[in-house]
Amino acid sequence: MIKRKKPLILFKYGGNAMTDDELKKQVLEHMCSLTRKGYHVVIVHGGGPFIKDILGKVGVESEFIDGHRKTTPEALKYVEMALKGEVNGSLVSLVNRLGYKAVGLSGKDGKMAIATKRLHRKMVDGKWKSFDLGQVGDVKHINPQLPEQLLNEGYIPVVTCIASDEEGNDYNINADMFAGHLAGALHAEQYIVLTDVDGLRMDKDKPETLIDKLHVAEIPSLVEAGVIQGGMLPKMDACRIALADGAGSARIINGTQPEQISDLIGKNPVGTTIIK
């Protein structure tokens with residue numbers, strides 16, 4: 001790994017903070033301004049709403065298996081068009097307009113990420129059964145050389161979650177999981193997940209039950225108790241991966257409140273922090 005002189009914060013960017021134009025501008029300004037405070041910044045994004053929109057426009061129907069979108073080779077062309085062409089391109093343009101230097105990437109660039117085909121497993125009649133999700137993949141390996149070089153040249157890498165396997169087949173990868181693997185490989189000081197709530201709550205309907213800090217070892221029991229559920233499951237799994245692979249800490253914050261981003265380097269902790 002190339003030695004860097006500044007600590008790194010990697011953001012997983014998504015949710016409502018991505019679909020509201022004014023909020024998007026504020027979020028990106030807060031994230032990128034950390035480069036003026038002595039930090040490197042990497043932004044990883046997905047784009048579920050944009051994928052849904054483009055597939056609807058071109059009339060490609062999606063099949064879902066337990067909430068997982070099955071992605072055909074035809075659908076993947078439009079998924080990549082949405083993620084790399086529309087979302088990534090617009091984020092790079094906005095970061096540049098704000099006065100910073102962004103470079104748009106996917107996992108395919110420089111073989112940054114090597115994918116492997118993902119099979120969804122579920123219990124059917126007492127037996128585990130695998131379901132083919134098409135062009136949906138997992139991260140097999142991360143080579144951080146390209147983003148490291150860009151960071152050391154003063155650029156902000158903006159990365160989307162498309163990657164190829166060793167045979168050149170392309171896959172769409174869950175953005176949370178992609179970000180977690182990249183945060184670990186880059187040894188990020190902080191891996192930050194932007195979501196639509198202030199963090200993990202013991203009772204999701206009661207803001208006052210926010211969990212300020214938890215250890216990775218506590219995650220399985222919170223899953224079993226139903227505290228971690230739904231969309232929070234892949235986010236927590238990504239935090240676990242990031243920490244296991246080399247990130248210093250992981251944190252879930254509210255991306256609809258951009259000021260929380262500036263608080264990341266202050267003395268008043270925000271969101272839910274996950275530590276080893």
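Let's start with Ser249, which sits in strand 13 (residues 249-254); helices (H or I, at least four residues) and strands (E, at least two) are DSSP runs, numbered from the N terminus. Ser249 is buried, with a relative accessible area of 14%. Here buried means under 20% relative accessible area, exposed over 50%, and partly exposed in between (1.4 Å probe, protein chains only). Setting aside neighbours within four places in sequence, Ser249 is in contact with Glu189, Gln190, Tyr191, Leu243 and Ile274, where contact means heavy atoms within 4.5 Å.

A word on the model: it is predicted, so local features need pLDDT of at least 70 and side-chain atom pairs count only at pLDDT 80 or more, while totals for chains, interfaces and linings use all residues. Residues are numbered from 1 along each chain as its sequence is written, and side-chain values use heavy atoms, with hydrogens and water left out.

Leu243 also turns up among the buried residues of helix 8, along with Met232, Lys235, Met236, Ala238, Cys239, Ile241 and Ala242. Strand 13 is part of what covers them, and so are helix 6, strand 11 and helix 7, among others. Just after helix 8, Gly246 takes a positive phi of about 135°.

Now for the largest nonpolar core, which has 88 residues; Leu10, Phe11, Tyr13, Leu182 and Tyr191 touch the most other members. Helix 4 (residues 73-97) gives the most to this core, with 11 residues. Such a core is a set of buried Ala, Val, Leu, Ile, Met, Phe, Trp, Tyr and Cys residues joined through side-chain atoms within 4.5 Å. Beyond its neighbours within four places in sequence, Tyr13 is in contact with residues including Met18, Lys24, Ile43, Leu91 and Leu194.

For contrast, look at Glu61, in the loop between helix 3 (48-58) and strand 3 (63-65). Glu61 is exposed, with a relative accessible area of 78%. Its C-alpha atom is separated by 8.5 Å from that of Ala75, 14 residues apart along the chain.

Here are the two residues with their accessibility:

| Residue | Relative accessible area | State |
|---|---|---|
| Ser249 | 14% | buried |
| Glu61 | 78% | exposed |
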